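Hi everyone, thanks for coming.

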Amino acid sequence: MGYKVVVCGATGNVGREMLNILAERQFPADEVVALASRRSLGTEVSYGDRTLKCRDLAQFDFAGYDIAFFAVGSEATKEFAPKAAKAGCVVIDNSSLYRYDPDVPLVVPEVNPEAVDGYSKKNIIANPNCSTAQMVVALKPLHDRARIKRVVVSTYQSVSGAGKEGMDELWDQTKAVYNPTSEVAPEKFTKQIAFNVIPHIDVFMEDGSTKEEWKMVAETKKIVDPAIKVTATCVRVPVFVGHSEAINIEFEDHLDEDEARDILREAPGIMVVDKREDGGYVSPVECVGDFATFVSRIRQDSTIDNGLNLWCVSDNLRKGAALNAVQIAETLGKRVLKKG
């Protein structure tokens, strides 16, 4: 007997990717329902070799369903996720709404699978921010070996992190650069994104950091270890899919770059591609569609005691969102629900 599964926000980038990954990983589902807003009623979406017609989220009865993946943003999640949870359906939420709630586990299965067991307090599990998810997969096995004191991370985040509107704006602005008669003003982003980088993701906070930067700090502490100090600079770049991160790590104990490379090669969810030659590293274009988090450019930082640098790349629609959500469901199934 398999699971009865709901995907809320099935017409968006992440919702479509969730359906793809459920099919690719052969998640044991007896029934999969695609939900969207009323304006998308009847829209067809792909689930493996099948086509599903979207039903209305506002009218849907979650009773009798096992797992609901939410990819609809915080406002809709706030309205509908508690209804699903109350009906006995476990919510796996991709928005930021529940990530910092002490009664809601924030889970990256390669890092803290045991946290899934805390789902029953609210019947909700939170999916982390895309930039945090890939980073903590790389940090955890190194932390287990040498205890991380401090992380300095600079992100290079693709426009798909801002949804379809972000991707469309990059596409339209790029075309406009080559057509002197047309101009596409920034709407989704605060400045032109084509042929540019923007050191601003989400809203500014009182201390000068952005909400995206704050998320990386708070989520790393919740998922890995509250003692880790994190400082982040998050930047939007003109890449369609795939987030990249330059990560500087300071450890309590010495960790040799060769040992770090070996540890990461054995770590779940990590693919090490690290040759000191032309092209001996992974760029975002190459990671699209892949399940792995790729790590390259592993090297000692001689400016501090016990320091390492590394380059981390992942498909943000997959590990940063949809894949991690499906992995949470798989972990929940193995540890708790035990169907399929």
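The crossing of α3 and α6 is right-handed; a crossing gets that name if the near helix is turned clockwise from the far one by less than a right angle, and left-handed if anticlockwise. This is a predicted model, where local features need pLDDT of at least 70 and side-chain atom pairs pLDDT 80 or more, while totals for chains, interfaces and linings use all residues. Residues are numbered from 1 along each chain as its sequence is written, and side-chain values use heavy atoms, without hydrogens and water.

Helices (H or I, at least four residues) and strands (E, at least two) are DSSP runs, numbered from the N terminus.

How do α3 and α6 pack? Helix α3 (residues 130-146) meets helix α6 (residues 257-266) at about 125 degrees, with axes 9 Å apart. Axes are lines fitted to C-alpha atoms, for helices over the stretch in contact, and angles run from 0 to 180 degrees between N-to-C directions. That makes α3 oblique to α6: under 35 degrees is roughly parallel, over 145 roughly antiparallel, 65 to 115 roughly perpendicular, and the rest oblique.

Who touches whom? Ala-138, Pro-141, Leu-142 and Arg-145 of α3 contact Glu-259, Ala-260, Ile-263 and Leu-264 of α6 (heavy atoms within 4.5 Å).

Now the sheet: this open sheet of 6 strands runs β10-β9-β11-β14-β13-β12, with mixed pairing. Strands pair if DSSP finds at least two bridges between them. The edge strands, β10 (229-236) and β12 (270-272), each pair on one side only.

Finally, α3 lies across β9, β11, β12, β13 and β14, at about 25 degrees to β11.
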